[in-house]
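Subject: Structure for you to look at

Hello,

Here is the structure I said I would pass on. Please open it first; my notes follow below.

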Amino acid sequence: MTSERPLPDLHDADARAVASMHQVVRVFANPNRWWQNATFALPLVVTVVALVAGFILDSTEAKGFGVFALAVTVFMVPVVLLTWRGTATSVVLTTEGATALHLGQPLHEVAWADLQRIEKVEYLGNARYKLVHHDSEFLTIESEIEGAADLVETAFVLSGIPRQHPEEAI
């Protein structure tokens, strides 16, 4: 690596992929795991609370609600796993471009030479950035990526792309 910064806490597969890459400048990790997704975790917590309360209070209604919540949890597992496959577990910035990895496999790559702009998108109070290339294609930088603001700042520097609104801070 050209940087003297230590690697963040990466998935093993991501660490192996980064070790095989050339001219790495920075690596940014997504510390989340699939099971931390609220679509799975919330019904799981409700299941546990409802079933425990149902058995402690001997409440048929609470047990029934717990079984319902368990069914929702089980139904959501494949949905969460399918969406997780498209989530970047790390983003690697090299002197040539950016690569989003999912467990060591490239999800999306953009060369700095092809980058047209970097956009900030806010939705329901959650900010994310898009590294846009070829008009309709983009690499999304989710807010879950540790140091997302530093990642975007480094992308501006490495790509040479001017800010659309220089007065805005990242």
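**Notes on the model**

Leucine 103 sits in the loop between S3 and S4. Please keep in mind that this is a predicted model. The phi of leucine 103 is near 50 degrees, a positive value in a residue other than glycine. With a relative accessibility of 37%, leucine 103 counts as partly exposed.

The model has an open sheet of four strands in the order S1-S2-S3-S4, with antiparallel pairing. Its edge strands are S1 (24–29) and S4 (105–111), each of which pairs on one side only. On average, neighbouring strands of this sheet are turned by 15 degrees against each other, direction ignored. As a reminder, strands of a sheet pair through backbone hydrogen bonds, either parallel or antiparallel.

S1 and S2 run antiparallel and are joined by five bridges; valine 24 stands opposite threonine 94 in S2. S2 (residues 90–94) also pairs with S3 (residues 97–102), in the antiparallel sense and over four bridges. Here valine 91 stands opposite alanine 100 in S3, and leucine 93 stands opposite alanine 98 in S3. A hairpin of two residues joins S2 to S3.

Which way do the residues of S2 point? Ser90, Val92 and Thr94 point one way, Val91 and Leu93 point the other way, and all are buried. Since five of the five residues of S2 are buried, this strand is largely enclosed by the rest of the structure. Helix H4 (residues 148–159) lies across S1 and S2, and runs at about 25 degrees to S2.

**Aspartate 14**

Aspartate 14 belongs to helix H1 (residues 12–19). Is aspartate 14 buried or exposed? Its relative accessibility is 0%, so aspartate 14 counts as buried; the cut-off for buried is under 20%. The side chain of aspartate 14 makes a polar contact, at 2.5 Å, with the side chain of threonine 89. Leaving aside neighbours within four places in sequence, aspartate 14 is in contact with Thr89, Ser90, Leu101, His102, Leu103 and Gly104.

**Helix H2**

Helix H2 (residues 38–56) has 19 residues, which at 1.5 Å a residue should span 27 Å; the end C-alpha atoms are 26 Å apart, which agrees. The buried residues of H2 are Phe40, Pro43, Thr47, Ala50 and Gly54. These residues cover an arc of only 115 degrees around the axis, which puts them on the same side of H2. An α-helix has 3.6 residues a turn, so residues three or four places apart point the same way. Helix H3 (60–84) is included in what covers the buried residues of H2. On the other side of H2, the exposed residues are Ala38, Leu42, Val49 and Ile56.

Regards

Conventions
Residues are numbered from 1 along each chain as its sequence is written. This is a predicted model: local features need pLDDT of at least 70, side-chain atom pairs count only at pLDDT 80 or more; totals for chains, interfaces and linings use all residues. Side-chain values use heavy atoms; hydrogens and water are left out. Buried means under 20% relative accessible area, exposed over 50%, partly exposed in between (1.4 Å probe, protein chains only). A polar contact is a pair of N or O atoms within 3.5 Å; within protein, one must be able to donate a hydrogen and the other to accept it, and residues adjacent in sequence count only if both atoms are side-chain atoms. Contact means heavy atoms within 4.5 Å. The expected span of a helix is 1.5 Å times one less than its number of residues. The arc is that of the directions from the helix axis to the C-beta atoms. Two strands pair if DSSP finds at least two bridges between them. Axes are lines fitted to C-alpha atoms, for helices over the stretch in contact, and angles run from 0 to 180 degrees between N-to-C directions.
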